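Good morning. I will go through one structure today, starting where two chains meet and then moving to a few details inside each chain. Please look at the picture while I talk.

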Amino acid sequence: MPSSTDFDSVNRPVYDRGDNTVCVIGAGVSGLAAVKNLKEHGFGVDCYERETTIGGAWNWRNDRSPMFASTHLNTSRPTSEFPDFPMPDDWPDYPHHSHFLSYLERYADHFDLRPHVWFGSEVVSVEAADEDGRWDVTTQSTGRAGSTRTHRYLAVVVANGHNWAPRMPRIEGMDEFRGKVIHASAYKDPAELRGRKVLVVGGGNTGCDIAVEAGQQAVKAWHSTRRGYWYVPKYLLGRPSDQVNMRVAGLPLRLRQWLHRRVSAVAIGEPMSFGLPKPDHLPWESHPVVNSALLDRIGHGDITPVPDVARFHRTEVELSDGSTIEPDLVVLATGYEPRFEFLHPTLTGSGPDNRPHLLLHAFAPQHPTLAVAGLIQPDAGLGLMVHWQTVIFARWLRLRAADPARAEKVWQRLHAESGKQLSQGKLTDVPRHWFEVGYKKYLKELQRLLDETEVPA
Amino acid sequence: MRIDRSADWANPVPPVRREVLSATPEADEGRPPLLFVPGYGHGAWLFAEHWLEHAAGRGFPAHAVSLRGHGRSGTAPGTGLRAYVHDVVQVAAGLPRQAVLVGHGAGALVVSHALARYAAKAAVLVSPVLGGWGTLGMALRRNPVGTIPALAGAPLRVGRRQLFGRELPDEQARAYASRVRFTSRRAQFQLITHRAPEPPAGDPPVLVVGSQQDGIVSQAALTRAARRYGSAPLLFPGMGHDLMLDTRWREPIDAIVDWLEKD
Ligand SMILES: Cc1cc2nc3c(=O)[nH]c(=O)nc-3n(C[C@H](O)[C@H](O)[C@H](O)COP(=O)(O)OP(=O)(O)OC[C@H]3O[C@@H](n4cnc5c(N)ncnc54)[C@H](O)[C@@H]3O)c2cc1C
């Protein structure tokens, strides 16, 4: 144990930021919400951001941004925005990524958040500092050049995003394949597809969006999906479809699923009619794939749906049904992995499969002063959810100081209920579903915690 | 605070064109902008008479919005309290910095609801008509002729002498009163039937300003309003309901700016 608070275990100096300052890692949607809400609750805030700008994933100039030229929100405005700072009501229902970035910039300016952000600073380690639950946060200029600095904080909010580290599947023969293989995160512009024979792998939102662009631009486009999905058009009955879902959200899930199947069977037909696999789940049980154009493109013959990829050969790709195709560009829309290189895995409750186990997907199970914001995949927008996550964390920190006994009770309750299912339905245990939450269920849990952490003035 | 507002999200308020009148200080001193919200029947002009320029003169960017159906703002079907709240929140969030919301009359009711949807820097409720049965009782006592037909759905008529203090010349009072017109019957009923506002987002400080001689809001109502936000009302004896049009309009706006400067 270090005998002085001024030096850490390997004798580097530690700058103590006092008993009231919280560290936020990242200045994307989640980090900005954390800075604003902690500040509003009277905390000092230092936010570290490895890029030189705010916006995270939505700033497509950022080298790790997964956005491509045509990305639009696939969740409509009312839940994508922060509930106490709406987007302009004359914006489109599904704004373009550049719109959404300008919204985040306005948020940062409106609430004067930029002075709290240290740009170009990457957090390289977060370690428990003392029994009080404080943390030593070590930073370095991005690129890990130069010296490191360590500051001590009351608490840490990790808001580093989970859509930047590509999940690359290991497929037999990939190394000997002569065509080009990229991950969806490297895809930026439809010009990259023009004149090529393109195979898009992955049936999630990104995979479908890129498949549609390939259908328009490429000489030949295949779309390989392993599992069947329900496709939700962007509009139903003239309204954004997530808003239609919200209108009936109070109905029992079974009834909504029946309704969904009826309505979409009439409007577009079931995926199976387009030669796509039959979904192994019911509608709204998993994160919806919102896409109005994919089935049209398949119907036009611009996209050929194909099954799972079995192995690569030098010039061909062999599919699970034994047939072969000859793409010269393969885009792997196979998702992203959560990564917390600066945290010891036990802090996030991660096992060997790298899957974090947090209370309500947000609070470190053994460390009440450590939270992760935005590590969820809701069937609605993220802005809403991450706002309340961070408000609750701020309230929680206040409650711990004001009424430790009550805080302890809340903590016990959270632990006792940690196994609760937060997604709409029972999901297949694949990484794609790790962070799925049904917005209504999740908000109910957040509401309860919000009420429990109220500190009387 | 109820965080699941599915019904609200499923049915967004339609956009309209909104009239916003502004006065800006010569040099930007980093002060928070003020957004003035007139009560029902009034437009943004109410604040353009004196208060906007005066606030700007004291270094605060000042804006006033006309709620939909008022002044030069557009109209939309189904207008009521929710749409008015939406208008205020939209304009506030469009300002470059976190704003102070200043609501007058029923505009204070709109502001008290808007505070739950927008994290304001602070709020000021001027001669607040927060509705409920108390407001109705007072209206019936002071102005039975204008109020009883309103209960049957006719536009509420407010007496000139309820709005202005004795010092304002009759002719001027008549001219102002002629600009007051009522628009939404639904909003009028919601003065009585609306639910209590949800707690403000971010817990901003709230100041209540008024006068004992207000012909629409009783002193007891002012005290009650202030108590809801944990303070006491700031009173300007001898003035009418429309403080900003009174001959002594300077006193309340100076007091409001002083209060803001203190923080
Ligand atoms: C194609 C695509 C479409 C999407 N569409 C939607 C949608 O329609 N609606 C929706 O709600 N969500 C959507 N999402 C989800 C999206 O990830 C979230 O909206 C949001 O961007 C997540 O914000 P975040 O702040 O949690 O993470 P990010 O935006 O990734 O921000 C994390 C920030 O942390 C910084 N950082 C990371 N590590 C460190 C470190 N060690 N030190 C310092 N800084 C660090 C990063 O530079 C980054 O700026 C989409 C995602 C993708 C990929």
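**Where chain A meets chain B**

This is a predicted model. In it, the contact draws on 28 residues of chain A and 30 residues of chain B. How much area is buried between the two chains? About 2,200 Å², and carbon and sulfur atoms give 56% of that. For anyone new to this, the size of an interface is often given as the accessible area lost when the parts come together.

As background, side chains of opposite charge can pair when their charged atoms come close. Counting polar contacts between chain A and chain B gives 15 residue pairs, with both residues at pLDDT 80 or more.

Which helix of chain A gives the largest share of the side that touches chain B? That is helix 10 of chain A, with six residues. Several helices of chain A supply at least two residues each to this side, among them helix 1 (29–40), helix 3 (97–110) and helix 10 (439–452). By class, this side of chain A has 14 nonpolar, four polar and ten charged residues.

Now to salt bridges in general. Over all chains, the search finds 44. Glu40(A) takes part in one with Lys36(A), where the closest N and O atoms are 3.0 Å apart. Both Glu40(A) and Lys36(A) sit in helix 1 of chain A, four residues apart, which is about one turn of the helix.

Next, a sheet in chain A. Three strands make an open, antiparallel sheet in the order 18-19-20. Strand 18 (309–312) and strand 20 (324–325) of chain A each have a single partner strand, so each has one side without a neighbour in the sheet. Strand 19 of chain A, residues 317–319, pairs with strand 20 of chain A over two bridges. In strand 20 of chain A, Thr324(A) is the bridge partner of Glu318(A).

Last, the aromatic rings. The structure has 22 aromatic pairs over all chains. For Tyr40(B) and Tyr84(B), the ring centres are 5.1 Å apart and the planes are at 55°, so this pair counts as tilted. Tyr40(B) lies in the loop between strand 2 and helix 2 of chain B, while Tyr84(B) lies in helix 4 of chain B; the two are 44 residues apart, and the pair links distant parts of the chain.

Definitions and conventions. Residues are numbered from 1 along each chain as its sequence is written. Chains are lettered from A and ligands numbered from 1 in the order in which they are written. This is a predicted model: local features need pLDDT of at least 70, side-chain atom pairs count only at pLDDT 80 or more; totals for chains, interfaces and linings use all residues. Side-chain values use heavy atoms; hydrogens and water are left out. Contact means heavy atoms within 4.5 Å. Buried area is the accessible area (1.4 Å probe) that two parts lose on being put together, summed over both. A polar contact is a pair of N or O atoms within 3.5 Å; within protein, one must be able to donate a hydrogen and the other to accept it, and residues adjacent in sequence count only if both atoms are side-chain atoms. Ala, Val, Leu, Ile, Met, Phe, Trp, Tyr, Cys and Pro count as nonpolar, Asp, Glu, Lys and Arg as charged, and the others, Gly among them, as polar. Two strands pair if DSSP finds at least two bridges between them. Rings of Phe, Tyr and Trp (its six-membered ring) pair if their centres lie within 6.5 Å; planes under 30 degrees apart count as stacked, over 60 as edge-to-face and the rest as tilted. A salt bridge is a side-chain nitrogen of Lys or Arg within 4 Å of a carboxyl oxygen of Asp or Glu.
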